[in-house]
Amino acid sequence: MKRIFLLKGLDCPNCSAKIEKEVGELDGVQSSVVNLMKQTLTINVAPAAANTIASQIETIVHSHEPDVEVSEIAQEYYIPAKKQDTNTSYNNEDKKLTIRLAIGAAIYGIGMALTVFAKVPLPVELVFLIVSYIILGGDVVWQAVRNISKGRVFDEHFLMSVSTIGAFVIGEYPEAVAVMLFYQVGEFFQSLAVERSRKSISDLMDIRPDCATVRRNGELITISPESVAIGEIIIVKPGEKIPLDGVVLDGDSMLDTRALTGESVPRSVHKGDEALSGCMNQTGVLTIKTTKAFGESTASKIIDLVENASSRKAPTENFITTFARYYTPVVVILAAILAILPPILLGGGWTEWIRRGFVFLVVSCPCALVISIPLTFFGGIGAASKRGVLVKGSNYLEALNNVSIIVFDKTGTLTKGVFNVTDILPANGFSKEQVLEYAAQAESFSNHPIAKSILSAYGKEIDQSVISDYKEISGYGISAMAGKKKVYAGNTKLMDSEHVEYTACEKVGTKVYVAVDAQYAGCILITDEVKPDSKKAISDLKHIGVEKTVMLTGDDEKIGKAVAEELQLDEYYAQLFPDQKVEKVELLDSKKRQGSKLAFVGDGINDAPVLARADVGIAMGGLGSDAAIEAADVVLMTDEPSKLVDAIDVAKATKQIVMQNIVIALGIKSVFLILGALGIAGMWEAVFGDVGVTIIAVLNAMRILKK
């Protein structure tokens with residue numbers, strides 16, 4: 001059974017990783033995922049262990065973060081706290097920590113000033129330093145003691161406590177307090193960075209409406225969006241957010257879709273158009289009939305996608321977590337060896353070698369890595385969202401760096417998917433009007449874009465009561481009884497399967513062949529336009545390192561070839577059934593460069609199996625098929641192929657910052673570890689080697705939010 005716990009106040013990536021690991025090791029727990037963005041812990045637990053799991057989780061959380069409030073979320077789905085509530089809570093905690101740091105630093109400063117200028121005796125100096133140490137580091141030492149009592153020794157609390165208390169023991173009093181002061185400053189920067197990342201994403205995703213105006217019993221009432229049922233009528237005034245997805249019954253307006261798609265240009269909506277939740281109504285009053293419940297609306301899905309993205313960790317994140325687990329015990333053992341062996345082997349100098357051991361401990365703290373790496377991926381997901389690209393996990397963000405082959409669906413992805421009847425070629429004595437009428441009758445129950453184009457060209461009401469025995473044959477077309485006439489409308493495969501003699505049309509475009517009572521009636525030619533930015537998108541993808549671009553389509557060979565040549569694609573495959581698309585993707589996947597990834601971009605329901613099969617499935621258009629979006633790993637919120645270039649651009653920038661932080665942290669720490677072991681670096685240098693590097697890495701990680 002699935003249970004979700006709110007961990008209010010959790011802002012430490014390192015602690016969240018430890019909580020996730022330890023909860024996952026509890027008896028009966030099948031999976032454990034901490035979401036730092038939402039401050040939640042989601043577990044799957046066996047029913048037998050369900051009764052005691054809450055208290056065990058609370059114990060584990062408080063062993064790492066005593067101030068975090070643990071409570072179970074009873075709702076069916078998580079509803080984020082309102083923005084003002086989050087900000088108020090953050091400001092109060094921020095203020096408390098700032099006051100404590102200021103008081104501790106002030107007492108430390110007074111003690112040092114009295115020592116330097118007033119030459120006060122050592123006991124007086126120690127009083128100031130010990131008081132400031134208790135204010136600044138008392139919680140760290142207490143946490144280290146609690147962790148040791150539970151068998152958790154090798155963590156940052158232990159390193160800071162041992163090194164600073166040890167510095168007191170060997171007489172380096174000012175340095176001991178300074179190390180703790182700057183460690184707390186580093187923790188403060190970490191908290192600010194996480195909150196800033198969280199706020200950046202929550203501001204971007206601040207599309208959840210607070211209320212909805214519903215027409216009930218002839219009156220307008222304002223209620224919670226969760227209380228609005230499908231099919232109810234809502235009124236949205238200018239300046240209000242659309243609370244639920246629906247169809248416009250009355251009114252014309254311009255909608256700001258920036259929060260959904262990243263587009264700055266408003267979209268116009270009129271009667272009969274779809275209106276998506278989360279859009280801001282700018283000009284006119286809209287009357288909308290809801291088509292989805294709040295939990296299934298576009299705004300809710302986007303919030304859920306972005307907030308849950310941090311639960312899917314990138315391989316680099318998992319590596320750093322594992323690395324820190326083994327790295328810390330190793331450096332503690334090396335510090336102990338450094339402090340003990342040289343005096344024994346070389347004789348004398350115990351104080352100096354113990355000091356070097358403590359310096360080694362301070363420098364070795366892995367905070368710079370375990371904080372900055374998750375923070376960078378966290379920010380990368382936010383930066384992508386800002387551009388209208390929803391990435392469902394940092395693992396997919398990292399995978400985008402290694403994409404060597406991108407496979408595109410044609411219709412609705414590279415082309416507009418807006419079909420128009422451009423020619424009718426009658427045969428065997430049928431007129432153009434008759435061919436179009438029979439085709440319209442056959443297609444009257446279909447929602448396919450080709451069917452809609454035929455119905456639009458026909459332009460008359462169809463009496464569907466005379467239509468019977470309707471069958472939609474995947475990859476072929478449609479058969480139906482129109483009165484007493486058996487009508488077939490589809491491609492050449494349908495004509496061949498029904499043994500209809502026909503004349504193949506040589507013109508470029510989508511052809512719908514029509515047969516009535518097994519006699520060929522004619523051909524309807526339908527064309528689709530290539531999207532304006534498709535060619536530039538393909539060119540840009542090749543420029544940023546994509547090795548091969550491929551198109552798959554169910555259309556005939558001539559259409560596929562014409563589109564592929566226009567866009568300068570490397571390969572194309574035409575006349576494919578949905579299952580054949582999967583086979584082609586598997587074939588291409590087997591030929592890709594080792595270590596690289598294959599991405600598939602599609603927008604239709606029939607693309608869902610291919611999206612799921614690809615290394616990275618990319619759904620084109622947030623307004624597209626729910627099935628495609630559900631199966632995809634990345635969702636481009638507009639119908640522009642160029643958004644894929646933006647997605648890879650953000651992914652590469654994220655990876656670049658991650659690698660920079662790994663090099664910065666390990667490089668600088670290695671230098672200071674060597675200098676400390678040689679006795680060249682002291683406690684002040686150790687502070688920079690730990691806290692300074694952490695702050696540099698965190699600030700570097702924050703650059704991704706500006707992408």
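Me: Which residue forms a salt bridge with D589?
Reply: The model is predicted, and side-chain atom pairs count only at pLDDT 80 or more. The closest N and O atoms of the pair are 3.4 Å apart, and the cut-off for a salt bridge is 4 Å. The partner of D589 is R613.

Me: How many residues apart in sequence are the parts that this pair, D589 and R613, ties together?
Reply: D589 lies in helix α18. R613 lies in helix α19, residues 608-613. The pair therefore ties together parts whose separation in sequence is 24 residues.

Me: Is D589 buried or exposed?
Reply: The cut-off for buried is under 20% relative accessible area. D589 has 16% relative accessibility, so it counts as buried.

Me: Which residues do salt bridges that share partners join into one network?
Reply: D589 and R613 both belong to this network.

Me: How many salt bridges does a search of the whole structure find?
Reply: The pair D589 and R613 is a salt bridge. R593 and E547 also meet in one, at 2.7 Å from N to O. The search of the whole structure gives a count of 25.

Me: Where in the chain does E547 lie, in the pair with R593?
Reply: The pair links distant parts of the chain, 46 residues apart. R593 is in the loop between α18 (578-591) and β24 (597-602). E547 is in the loop between α16 (534-543) and β22 (548-552).

Me: What is the relative accessible area of R593?
Reply: E547 is partly exposed, with a relative accessible area of 45%. R593 is partly exposed too. Its relative accessible area is 45%.

Me: Which strand holds K485, in the pair that links distant parts of the chain?
Reply: K485 and D517 meet in a salt bridge, at 3.9 Å from N to O. The pair is 32 residues apart, with D517 in the loop between β20 (510-516) and β21 (519-530). K485 is in strand β19 (residues 485-490).

Me: What does D517 count as at 40% relative accessibility?
Reply: K485, at 35% relative accessibility, counts as partly exposed. D517 has 40%, so it counts as partly exposed.

Me: How many disulfides does a search of the whole structure find?
Reply: C523 is in no disulfide. The nearest cysteine sulfur, that of C505, is 4.5 Å away, and the cut-off is 2.5 Å. The count for the whole structure is 0.

Me: Is C523 buried or exposed?
Reply: C279, at 3% relative accessibility, counts as buried. C523 has 1% relative accessibility, so it also counts as buried.

Me: What kind of aromatic pair do F430 and Y438 form?
Reply: By the pairing rule the structure holds 7 aromatic pairs. F430 and Y438 are both buried. Their ring centres are 6.4 Å apart and their planes are at 80°, so the pair is edge-to-face.

Me: What kind of pair do the rings of F445 and Y470 form?
Reply: F445 lies in the loop between α13 (432-443) and α14 (449-458), and Y470 in strand β17 (residues 467-473), so the pair ties together parts that are 25 residues apart in sequence. The ring centres are 5.5 Å apart and the planes are at 55°, so the pair is tilted.

Me: Which residue lies over the face of W353?
Reply: A charge can sit over a ring at up to 6 Å from the ring centre. Here the distance is 4.1 Å. The residue over W353 is R356.

Me: How far apart are the end C-alpha atoms of residues 358-384?
Reply: The unreviewed UniProt entry places a transmembrane region at these residues. The span is 93% helix and 0% strand. Its end C-alpha atoms lie apart by 42 Å.

Terms used
Residues numbered from 1 in each chain as written. Predicted model: local features only at pLDDT ≥ 70, side-chain atom pairs only at ≥ 80, totals over all residues. Heavy atoms only, no water. Buried < 20%, exposed > 50% of the residue type's maximum accessible area, 1.4 Å probe, protein only. Phe/Tyr/Trp six-rings, centres within 6.5 Å; stacked < 30°, edge-to-face > 60°. Helix = DSSP H or I, 4+ residues; strand = E, 2+ residues; numbered from the N terminus. Lys NZ or Arg CZ within 6 Å of the ring centre and 35° of its normal. UniProt positions renumbered as here; feature names shortened; annotations may be inferred. Salt bridge = Lys/Arg side-chain N within 4 Å of Asp/Glu carboxyl O.
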